[in-house]
Amino acid sequence: MKLLGDSSSSLLLSLLLAQLHLLASAFPAHHRRIQTDFDKLTNQTRHLLKLTQDLLKNPVFATEIDHHRFKFLPAISSRVSDLTTLEFKFTLFQLYADLKSFEHHFEWLNRTTRKQQHSSVPKLTDMISPIKSLINPLQRQMTRAEAPRIAVPSPSLPPNPAFHWEVVQSSQELLQQFRLFCDWASRVFLTLKSRLPA
């Protein structure tokens with residue numbers, strides 16, 4: 001009877017050790033997956049930055065903006081030194097909120113240019129799909145990090161441009177601000193990744 005009890009205890013101990021080994025081996029794989037996701041976020045943001053830079057090379061944007069039409073675009077006022085003080089969860093939410101705001105602005109301006117058929121203004125359709133593709137994995141990271149999920153209100157948009165030059169200047173202003181955002185966001189994703197457990 002004692003032998004049977006010892007065998008049961010040994011078997012139970014072996015099972016517990018096996019479970020602990022499985023859990024321990026699962027953690028590195030989980031961290032590697034999160035790091036890979038941050039690599040994807042960085043690469044997607046850089047892709048958007050390249051798209052934006054290419055659109056801004058269009059000769060139609062050669063003039064300076066003389067009137068800022070967008071009053072509620074996300075303002076990128078941070079400096080490189082601020083990267084060291086980023087708070088993980090809040091930063092993920094802030095990037096998400098800013099990205100949603102840009103998405104609304106691009107969709108609005110795309111509808112406007114398409115409706116008015118301004119052939120000389122670059123089509124902004126190519127920007128919207130990659131923005132949406134960036135929002136989805138960002139939401140997944142927010143869920144994993146238990147970041148705040150506050151509803152992001154739709155931004156106030158300016159009146160529809162009545163003249164061709166207003167469409168051009170609106171497109172240029174939006175692209176210039178988005179270029180700043182993408183440059184900052186790509187740096188932020190790299191910084192947040194470096195803080196993940198090894």
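**Reading the chain**

Guide: Let us begin with the order of elements: from the N terminus on, the protein chain runs α-α-α-α, where helices (H or I, at least four residues) and strands (E, at least two) are DSSP runs numbered from the N terminus. The chain has four helices and zero strands. The model is predicted, with local features needing pLDDT of at least 70 and side-chain atom pairs counting only at pLDDT 80 or more, while totals for chains, interfaces and linings use all residues. Residues are numbered from 1 along each chain as its sequence is written, and side-chain values use heavy atoms, with hydrogens and water left out.

Visitor: What percentage of the residues of the protein chain count as buried?

Guide: A residue is called buried under 20% relative accessible area, exposed over 50%, and partly exposed in between (1.4 Å probe, protein chains only). Of the 198 residues here, 39% count as buried. The accessible surface of the chain, from the Shrake-Rupley method with a 1.4 Å probe, comes to about 11800 Å², and 59% of it belongs to carbon and sulfur atoms.

Visitor: How should I read contacts, and what share of them in the protein chain joins residues 24 or more positions apart?

Guide: A contact means heavy atoms within 4.5 Å. Among contacts in the chain with a separation of 6 or more, 93% are between residues 24 or more positions apart.

Visitor: With which residues is T45 in contact, leaving aside its neighbours within four places in sequence?

Guide: T45 lies in helix α1 (residues 2-56), and its contacts of this kind are L134, C182, A185, S186 and F189. Because its relative accessible area is 0%, T45 counts as buried. Its side chain also reaches the backbone oxygen of L41 at 2.7 Å.

Visitor: Is S171 buried or exposed?

Guide: S171 belongs to helix α4, and its relative accessibility is 1%, so S171 counts as buried. Not counting residues up to four places away in sequence, S171 touches F61, L109, T113, V121 and L124. A polar atom of its side chain lies 2.9 Å from the backbone oxygen of V167. Sequence distance and spatial distance can be read together: S171 and N110 are 61 residues apart in sequence and 9.0 Å apart in space, C-alpha to C-alpha.

Visitor: Where is E146 placed?

Guide: E146 is in the loop between α3 (125-145) and α4 (164-194). Since its relative accessibility is 62%, E146 counts as exposed. Its phi is near 55 degrees, a positive value in a residue other than glycine.

Visitor: How does one look for a pocket, and which residues are closest to the centre of the largest pocket?

Guide: Rolling a probe the size of a water molecule over the atoms shows where empty space is left. On a 1 Å grid over the protein atoms alone, a pocket is an open set of points where a 1.4 Å probe fits, with protein on both sides within 12 Å along at least five of seven lines; lining residues have an atom within 4 Å of a point. The largest pocket holds about 240 Å³ of space. Its lining has 16 residues, and those closest to its centre are S78, L86, Q94, D98 and W184. The elements giving two or more residues to this lining are α2 (88-116) and α4. Helix α2 gives the most, with five residues.

Terms used
A polar contact is a pair of N or O atoms within 3.5 Å; within protein, one must be able to donate a hydrogen and the other to accept it, and residues adjacent in sequence count only if both atoms are side-chain atoms. Grid points are joined across faces, edges and corners, and a volume is the space filled by probe spheres set on the points.
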